[in-house]
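Try each task before reading its solution.

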Amino acid sequence: MQQTVVYTRTAVVLHWFIGLLISAGFMLGATMTDLHMSPRKLKLYAYHKWIGITVLGLVLLRLLWRLTHPAPPDEPMPHWQRVAAHATHWLLYLLMIATPFAGWLYSSASGYPVVYLKLWQLPDLVSKNKALADVLVEVHGYLAWTLLWVVVLHVAAALKHHFFDRDATLRRMLAWQRR
Amino acid sequence: MKRHAPWFSTIAVTVAFVATAAGDPTIDASKSSIIATFRQENVPVDAPLKKFNGRIDYNATQPNAAKAALEVDTGSLDMGSSDYNAEVRKKPWMDSGTYPKASFISTSVKPGAPGHFDATGTLTLKGKTQTLSVPVTVGKAGSAMVFDGAFEISRAYFGIGDKEWNDVVDDKVKVRFHLVE
């Protein structure tokens, strides 16, 4: 049997770590806004922002990696699935960049700059502007929810390939081999 | 109707003339700003105090005769979100209900380099007072006098803020002002 070509270790690590961070960031984001004003709320906002900025940085790194280390060739599948899979992947990249970026913009517009890990203050992308902040928080929210649904689709497709088609699609992202 | 003696009107006219020549010492709040910077989780948050009034009597030829008096509405502190604003007006913070005003009254002025002076005075905030010495830079915007400066206060000293917030919000609050007459 021919050995399956898998993703590089770097791609695998980045994939799962970013996935974990997105889940944590999303859950925090969805719950923290409804909390009553408290020191804990401020801390959660800070963690949410740090997670978002980490995702942004890692996704850019991963994109760079992907462009220099091509993904393994597609498993055999109908043409439309191939197209849908690739479209989903690039949509994910787009959303993984746009969502934290919109969050960063929102932070700047609302006058609460991002101080990454309490250490480094990121530059404000726009100056303080309440009206703009009100729009940006909506945009950030819509992007986050869209990202969630695209992730759900991505996971469902991976499970479908693993359990129904019984191909190597998911295993390529679980394997731990040097390539 | 009571008649004023002629000398009285002469003095009144002279005083009015001198006041005009020196410019109106009343602060024009629409062109001025007073901004408090809090630090929470090391994030600097600028909160303008939107309502204030006062006057600064300053004459470059007699800088040590300068006088300043300012009054600020504590309820006008704008943290940028309604949640925060509601929080900072509460009793453990600014307690704007009980202490609606904060003030600074100068007691002495020490001239420094040209265009600079140190204003020493009394800051009254939330029922407590502190003597502050504030370095001020004098400038001009058109014909108006402009005064810029900054100082730092301790929240703990004035009893501003709940203890539970202390590991999130820094004790030191920087206040900077840009006052245009």
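**Exercise 1.** Find the buried residues of α3(A), and say what covers them.

*Solution.* Start with the list: A:Leu95, A:Met96, A:Thr99, A:Pro100, A:Ala102, A:Gly103, A:Trp104, A:Leu105, A:Tyr106, A:Ser107, A:Ser108 and A:Ala109 are the buried residues of α3(A). Buried here stands for 20 or more other C-beta atoms within 10 Å of a residue's own, exposed for 12 or fewer, and partly exposed for anything in between, with C-beta atoms placed from the backbone. Helices are DSSP runs of H or I with at least four residues, strands are runs of E with at least two, and both are numbered from the N terminus. Next, look at the cover, which includes α2 and α4 of chain A. Finally, step just past the helix: A:Gly111 has a positive phi of about 80°.

Two notes before going on. The model is predicted, so local features need pLDDT of at least 70 and side-chain atom pairs count only at pLDDT 80 or more, while totals for chains, interfaces and linings use all residues. Residues are numbered from 1 along each chain as its sequence is written, with chains lettered from A and ligands numbered from 1 in the order in which they are written.

**Exercise 2.** Check the length of α3(A), then that of α1(A), against 1.5 Å a residue.

*Solution.* The expected span is 1.5 Å times one less than the number of residues. For α3(A), residues 79-109, the 31 residues should span 45 Å, and the end C-alpha atoms lie 44 Å apart, so the two agree. For α1(A), the 24 residues should give 34 Å, and the distance between the end C-alpha atoms is 34 Å, which agrees.

**Exercise 3.** Describe how α1(A) packs with α2(A).

*Solution.* Two packed helices are described by the angle between their axes and the distance between the axes. For α1 (residues 9-32) and α2 (residues 39-68) of chain A, the angle is about 150° and the axes are 9 Å apart. Axes are lines fitted to C-alpha atoms, for helices over the stretch in contact, and angles run from 0 to 180 degrees between N-to-C directions. α1(A) is therefore roughly antiparallel to α2(A), a label for angles over 145 degrees. Now sort the residues of this contact: 18 are nonpolar, 6 polar and 3 charged. Nonpolar covers Ala, Val, Leu, Ile, Met, Phe, Trp, Tyr, Cys and Pro; charged covers Asp, Glu, Lys and Arg; the others, Gly among them, are polar. Last, the buried residues of α1(A) are A:Ile22, A:Gly25 and A:Gly29, and they pack against α2 and α4 (130-163) of chain A.

**Exercise 4.** Is B:Thr107 buried or exposed, and which residues does it touch?

*Solution.* Locate B:Thr107 in strand β5 (residues 101-111) of chain B. B:Thr107 counts as exposed because it has 11 C-beta neighbours inside 10 Å. Leaving aside residues up to four places away in sequence, B:Thr107 touches B:Thr120, B:Gly121 and B:Thr122; contact requires C-beta atoms, placed from the backbone, to lie within 7 Å.

**Exercise 5.** How many residues of chain B are in contact with chain A, and which element gives the most?

*Solution.* Count first: 15 residues of chain B are in contact with 11 residues of chain A. On the chain B side, β2 (43-49) and α2 (82-88) each supply at least two residues. β2(B) gives the most, with 4 residues. By type, that side of chain B has 6 nonpolar, 3 polar and 6 charged residues.

Definitions and conventions: Two residues are in contact if their C-beta atoms, placed from the backbone, lie within 7 Å. Angles under 35 degrees count as roughly parallel, over 145 as roughly antiparallel, 65 to 115 as roughly perpendicular and the rest as oblique.
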